[in-house]
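Below is a short report on one structure. It covers salt bridges, helices and backbone angles.

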Amino acid sequence: MKVLVVLTNFKRPDNNRKIVQAFKRQSHQPENTILLDFNGDIDGMDCEIWRYPDPGGPACRFAPIVVAHKYDYILWHDDDLLPGDKCIEHYIDNAKKLNDKFATLGCVGRRFTYSDSRVEYVSRNLRLRRQPVWVDMTCRSHFVRADLAHHALRYMSEAKPFIDESELIIHDDFWLCLGIRYATRHASHLVRKVDDMASHSPRLEDLPHEGVGVSRDGSFIRRRNQILTALRSRGLMNWQT
């Protein structure tokens, strides 16, 4: 199975150097690793680098979709998450167990709460279990079928009329998880728990994450709820809950 790993560098080059080397040690080697560099401080990295002078929204984060036809799976992986040496092998094993019927796979995931008029984003992680657990969205690490990745862009275009352009990159996990689910009706899942979880986990270690990103305060959660409710009101969350 050919896997493309996609990493991002905003202001954490030291983290990315560790992560690139961790993917070099995988029991199932990725076919390629692309690092999207938005900060210009990533020279000397042992992988393919695509440079962007400005983050510019998730269109940049999703740029590797143009080469998706070369791969079976794509793994979008955050720059504060160090993977274990069997991370990719474990993702592929879980994909097979689900017969490839999933939106995204990950190690951190959330479920929303639904009512007649709104959807609420719940900032609480679910526990891993011995079998893959369905979630509404994965966070921080997203393993997807390469032939389905383009649905993220299609879904994002549906959201543009009611979301500010500057916010699109903040909610890029929505476009991946919800966009593929909207197109296929397959839910996202957490990988199953195994005895040697350290080596199998996409989240062997949390790396430093200061100085980057969006404050996850109350206003951020409220905005996520507003976006989800707007998506549902427009028929863009059409699955059974």
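## Salt bridges

Asp78 forms a salt bridge with Arg61, with the closest N and O atoms 3.1 Å apart. A salt bridge here is a side-chain nitrogen of Lys or Arg within 4 Å of a carboxyl oxygen of Asp or Glu. The partners come from distant parts of the chain, 17 residues apart: Asp78 sits in the loop between β4 (73-77) and β5, Arg61 in helix α2 (residues 58-61). Helices (H or I, at least four residues) and strands (E, at least two) are DSSP runs, numbered from the N terminus. Arg61 is buried, at a relative accessible area of 7%. Buried means under 20% relative accessible area, exposed over 50%, and partly exposed in between (1.4 Å probe, protein chains only). Elsewhere, salt bridges with shared partners join Asp80, Arg140, Arg203 and Asp206 into one network.

This is a predicted model: local features need pLDDT of at least 70, side-chain atom pairs count only at pLDDT 80 or more, and totals for chains, interfaces and linings use all residues. Residues are numbered from 1 along each chain as its sequence is written, and side-chain values use heavy atoms, with hydrogens and water left out.

The structure holds 15 salt bridges. One of them pairs Asp46 with Lys24, the closest N and O atoms being 3.6 Å apart. This pair also links distant parts of the chain: Asp46 is in the loop between β2 (32-37) and β3 (48-51), Lys24 in helix α1 (residues 13-24), 22 residues apart. Asp46 is partly exposed, at 42% relative accessibility. Lys24 is partly exposed too, with a relative accessible area of 41%.

Arg25 forms a salt bridge with Asp85, where the closest N and O atoms are 3.7 Å apart. Arg25 lies in the loop between α1 and β2, and Asp85 in the loop between β5 (81-82) and α3 (87-97), so the pair ties together parts 60 residues apart in sequence. Arg25 counts as partly exposed at 47% relative accessibility. Asp85 counts as partly exposed at 35%.

## Packing of α4 and α5

How do α4 and α5 pack? The angle is about 100°, and their axes are 8 Å apart. Axes are lines fitted to C-alpha atoms, for helices over the stretch in contact, and angles run from 0 to 180 degrees between N-to-C directions. The two helices are therefore roughly perpendicular to each other (65 to 115 degrees).

Contact means heavy atoms within 4.5 Å. From α4, His151, Ala152, Tyr155, Met156 and Ala159 meet residues of α5, including Phe174, Trp175, Leu176 and Leu178. By class, this contact has 11 nonpolar, two polar and no charged residues. Ala, Val, Leu, Ile, Met, Phe, Trp, Tyr, Cys and Pro count as nonpolar, Asp, Glu, Lys and Arg as charged, and the others, Gly among them, as polar.

## Helix α7

Helix α7 (residues 218-233) has 16 residues and should span 22 Å at 1.5 Å a residue; its end C-alpha atoms are 23 Å apart, which agrees. The expected span is 1.5 Å times one less than the number of residues. Buried residues of α7 include Phe220, Arg224, Asn225 and Leu228. Their cover includes β9 (119-120), β11 (137-138), α4 (151-159) and α5 (172-184). Gly235 follows α7 and has a positive phi, near 75°.

## Positive phi outside glycine

Asn99 has a positive phi near 55°. Asn99 lies in the loop between α3 and β6 (105-106) and is exposed at 59% relative accessibility.

Arg185 is not a glycine, yet its phi is positive, about 70°. Arg185 is in the loop between α5 and β13 (188-190) and is exposed, with a relative accessible area of 52%.

Methods
Parallel < 35°, antiparallel > 145°, perpendicular 65-115°, else oblique.
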